[in-house]
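Hi everyone, thanks for making time. I'd like to walk you through one structure today, so please have a look at it first.

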Amino acid sequence: MGIDPSRGFVAFPRGLTDWEWYSEPNTARLFFHLLLTANWQEKQWHGISIRPGQLVTSQSQLAKQLDLSVRNIRTSLEHLQATGYLTVKTGSKYSIVTIENYASLVGSDLSLIHISEPTRLRRIS
């Protein structure tokens with residue numbers, strides 16, 4: 001399965017390589033996954049308002065999506081929470097993960113995140 005550019009884009013700053021968790025593969029991978037899967041616009045889910053930068057998930061669901069153990073996910077979530085990148089509100093069946101400062105990470109104009117028409121990528125010779 002290829003990469004579908006019609007679903008929009010997330011830009012990563014070049015300074016990301018200096019980020020404190022960049023060299024910790026499980027934590028970095030989890031954070032990138034959360035950035036890519038977080039809501040980019042407000043939605044309702046089971047009567048709950050899920051804001052941009054939030055997603056409804058569970059540790060077992062994240063473990064399955066990333067092919068990691070639940071323990072790896074739990075440790076990575078602890079890393080990201082302890083350093084202020086995430087907050088997690090845990091319920092009995094699901095958690096709401098909030099990426100702190102989401103707008104500044106993806107750009108303050110959240111409308112730019114969604115691209116309505118597919119962009120063709122061309123090689124420049």
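How do the residues of the lining of the largest cavity divide into nonpolar, polar and charged? They come out as 4 nonpolar, 4 polar and no charged. Here Ala, Val, Leu, Ile, Met, Phe, Trp, Tyr, Cys and Pro count as nonpolar, Asp, Glu, Lys and Arg as charged, and the others, Gly among them, as polar.

Before going on, a word on where this comes from. This is a predicted model, where local features need pLDDT of at least 70, side-chain atom pairs count only at pLDDT 80 or more, and totals for chains, interfaces and linings use all residues. Residues are numbered from 1 along each chain as its sequence is written, and side-chain values use heavy atoms, with hydrogens and water left out.

Back to the cavity. By that I mean a set of points, on a 1 Å grid over the protein atoms alone, where a 1.4 Å probe fits but cannot get out; lining residues have an atom within 4 Å of a point. Points are joined across faces, edges and corners, and the volume is the space filled by probe spheres set on them. Searching the whole structure gives 1 cavity of 30 Å³ or more, and the largest holds about 30 Å³ of space. Its lining consists of Thr57, Ser58, Gln59, Leu62, Leu77, Val88, Ser95 and Val97.

Three strands form an open sheet in the order E3-E5-E4, with antiparallel pairing, where pairing takes at least two DSSP bridges between two strands. The edges are strand E3 (54–57) and strand E4 (86–90), each pairing on one side only. E4 and E5 are joined by 5 bridges and by a hairpin of 4 residues. Val88 stands opposite Val97, and both belong to the cavity lining. Leu86, meanwhile, faces Ile99 across the pairing.

Finally, confidence: pLDDT, the predictor's confidence in each residue from 0 to 100, averages 85 over the protein chain, and 85% of the residues score at least 70.

How values were computed. On a 1 Å grid over the protein atoms alone, a cavity is a set of points where a 1.4 Å probe fits but cannot get out, and a pocket is an open set with protein on both sides within 12 Å along at least five of seven lines; lining residues have an atom within 4 Å of a point. Helices (H or I, at least four residues) and strands (E, at least two) are DSSP runs, numbered from the N terminus.
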